[in-house]
Each structure stands twice: as C-alpha cells, then as structure tokens.
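Q: I would like a close look at a single part of this model. Please take it step by step.

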Amino acid sequence: MGEEEEEVLVSRVQLRSCASLIRQQQEAKRRRWARQRARGMAAGGAKKEDSCEVLDLAEYTKNQPWWRKLFGRSSGSSAEKYNVATQLVIGGVTGWCTGFIFQKVGKLAATAVGGGFFLLQIANHTGYIKVDWKLVEQDVSKAKEQLKFQSSGSKLSPEVKSRVDEVITFLKKNVILTGGFAGGFLLGMSS
C-alpha cells in the first residue's frame, strides 16, 4: 500500500467514526425523548401538543444576531416590550445624542454659510467679483412665486401622507419613548 492509499483509508475511518458518533448522539436524544413521552403518558396521557420537541433557549439565543437579542423579533411598540424606565432611558439617551450632534452640525453649517456670505461681501466690496443684484432679485421673486404656487395646492402626495400616518402611529404607540427622546434632544441641544 502506498502513502496515498493509507491516507485515504485513515480519512475514511475518521469519517465513519464521526458519522457513528453523530448517530449515537441522535439515538440518545431519541431515547431521552421517548422516555419523557412515556413519563407524560403515564402521568395522565399525553396530548398531541405535549409531544413537541423541547427548545434549548441558551443555544437558540447564541445563534441569534445581536440586534434580535436587543430588540426582539416582534416589531410591535416599545410599550409592549420594555418597562417605563427603560423606555425613558432609551429615548433620553438617543435624544441627547441626536440633539448634541444636531447642535454641533448646526453651528458648523451656520458658520459655513455666514462665513461664505461674509467672504462674498468682502470680495464684492474689493472688486474681485461683481454681483448682478437685478438678476438675484429676479431669481428670488421666481422662487417666491413657485413657493406660493406649491403651497396653494397644500395636498400631500399619497406617499408622503402614508409616511406621515406611519410616524403619527409610531408616536401614539410609543408616547413614553418619544417623550424621553424629546427631553433628551432638548438637553442635547442646550449642552
């Protein structure tokens, strides 16, 4: 026998031993299940619903992604899943983070817009650029006309209306979470 034939033979033996080990484990599970079922029948007769397989929750949760562990499978309101204190903490922390970031980004945006306007004014005053103010005035008046035209028809498109309805439904179902978020947002904006 050559070395290759010996390696093939060893791998076949290993595969057979693994397969037999798996079969033994499955057979042990079947015997355990049969004993539990027999005990249930002796205790008062097992119904069809009682003969279900037992689920190991520890193994089940190990196989779940982290977001399912945290938020659960149901997409119901947070009022159904968490107590009041948890909802307030989650809403407050997310609101504070959002408010803080919003404040920093808002300051940065205001500084950029104001600084840009200031630089344009300096460039205009020194003669580097010339601004056609009549053209600017015409463009602003056109924009006003378009805004008046769009606001006069004040009907929302069906897509926007459905999104607004979803948001309102969410806010109604999660009042405590929303309140915590609003409070946290205001604290984040003030800090």
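Which residues make up helix H5, and how far does H5 reach from its first C-alpha to its last? Please go on from there to what surrounds it.

A: A word first: this is a predicted model. Helix H5 covers residues 84–126, which is 43 residues. From its first C-alpha to its last, H5 reaches 62 Å. At 1.5 Å a residue, 63 Å is expected, so the two values are close.

Now set H5 in the chain. The chain has eight helices and zero strands. From the N terminus on, the elements run α-α-α-α-α-α-α-α. Of the 191 residues in the chain, 8% count as buried. Take the contacts with a separation of 6 or more: residues 24 or more positions apart account for 63% of them.

Next, look at which residues of H5 are buried. They are Gln87, Gly91, Gly92, Gly95, Gly99, Gln103 and Ala123. Just after H5 comes glycine 127, which takes a positive phi of about 95°.

Glutamine 103 sits in helix H5. Its relative accessible area is 11%. The cut-off for buried is under 20%, so glutamine 103 counts as buried. What does it touch? Leave aside its neighbours within four places in sequence, and glutamine 103 is in contact with Gly188, Met189 and Ser191.

H8 has 16 residues, which should span 22 Å at 1.5 Å a residue. Its end C-alpha atoms are 23 Å apart, which agrees.

H8 also meets another helix. Two packed helices are described by the angle between their axes and the distance between the axes. Helix H7 is residues 158–173, and helix H8 is residues 175–190. Their axes come within 5 Å and cross at roughly 95°. That makes H7 roughly perpendicular to H8. In H7, the residues that take part are Phe170, Leu171, Lys172 and Lys173. They meet Val175, Leu177 and Thr178 in H8. By class, this contact of H7 with H8 has four nonpolar, one polar and two charged residues.

Key. Residues numbered from 1 in each chain as written. Predicted model: local features only at pLDDT ≥ 70, side-chain atom pairs only at ≥ 80, totals over all residues. Heavy atoms only, no water. Helix = DSSP H or I, 4+ residues; strand = E, 2+ residues; numbered from the N terminus. Buried < 20%, exposed > 50% of the residue type's maximum accessible area, 1.4 Å probe, protein only. Axes fitted to C-alpha atoms, helices over the stretch in contact; angles between N-to-C directions. Parallel < 35°, antiparallel > 145°, perpendicular 65-115°, else oblique. Contact = heavy atoms within 4.5 Å. Nonpolar A, V, L, I, M, F, W, Y, C, P; charged D, E, K, R; others polar.
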